[in-house]
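Please find below a short note for a colleague who is meeting this structure for the first time. The sequence and the model come first, and the comments follow.

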Amino acid sequence: MTDHGADVGAPALLRNLASWQTGRVSTLGARFTATRMPLEARSDFAVLAALQEYGNLSQAEIGRRLGLDRNNVNAIVTRLEDHGHIERRTDPADRRRNIVAATEAGLQRLQELHSLALDVQNRLLAALDPDERQQLTMLLEKILTSHPAQPA
């Protein structure tokens, strides 16, 4: 007779699938992140990080780089602009589109959000030493870069 209350774990056929493992780790990461960063903060973090790394971008380019729908990008950019974290200007080369730039306040907000994200990473990866964390990150990056970008 099986004790249904005991945590016996998933069957080995699942545990040995990288796709199953990464899915479970993704779920854990999402749960841990949700405790530290509300959904809006996560999207703000993504947009501000893109602007910091790539410089001024059109809203369409932000959407392409982050795999976000243009309506979602517009809502995020509007919120960031309302809080003084970005500036939105008309692109002089194409008056039909906006160029988005991070402000100093936006870069400070990015640092705050990055600190929260690092706390989540430390909790998620607590079982790994620094070398293992680096190796895991490199292996995941290798997998991700070997496949074409997928829409979110």
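The points below concern a pair of helices, a residue in one of them, and the nonpolar core.

1. The model is predicted, and the remarks that follow should be read accordingly.

2. Helix α3 covers residues 39-54 and helix α4 covers residues 59-66; the two pack with their axes 10 Å apart, at an angle of about 105°. Angles of 65 to 115 degrees count as roughly perpendicular, and α3 and α4 are therefore roughly perpendicular to each other.

3. On the α3 side, this contact is formed by Ala46, Val47, Ala50, Leu51 and Tyr54, while α4 contributes Ile62, Arg65 and Leu66. Sorted by class, the contact of α3 with α4 comprises seven nonpolar residues and one charged residue, with no polar ones.

4. Asp44 is also part of helix α3. The cut-off for a buried residue is under 20% relative accessible area; Asp44 has 8% and is therefore buried. Leaving out residues up to four places away in sequence, Asp44 touches Ile76, Arg79, Leu80 and Leu113.

5. The largest nonpolar core has 13 residues, of which Val47, Leu51, Ile62, Leu80, Ile86 and Val100 touch the most other members. Two or more residues of this core come from each of α3 and α5 (70-82).

6. Which residues does Leu80 contact, leaving aside its neighbours within four places in sequence? They are Asp44, Val47, Leu48, His85 and Ile86. Val47 belongs both to the contact of α3 with α4 and to the largest nonpolar core.

Definitions and conventions. Residues numbered from 1 in each chain as written. Predicted model: local features only at pLDDT ≥ 70, side-chain atom pairs only at ≥ 80, totals over all residues. Heavy atoms only, no water. Axes fitted to C-alpha atoms, helices over the stretch in contact; angles between N-to-C directions. Helix = DSSP H or I, 4+ residues; strand = E, 2+ residues; numbered from the N terminus. Parallel < 35°, antiparallel > 145°, perpendicular 65-115°, else oblique. Contact = heavy atoms within 4.5 Å. Nonpolar A, V, L, I, M, F, W, Y, C, P; charged D, E, K, R; others polar. Buried < 20%, exposed > 50% of the residue type's maximum accessible area, 1.4 Å probe, protein only. Core = buried A, V, L, I, M, F, W, Y, C linked by side-chain atoms within 4.5 Å.
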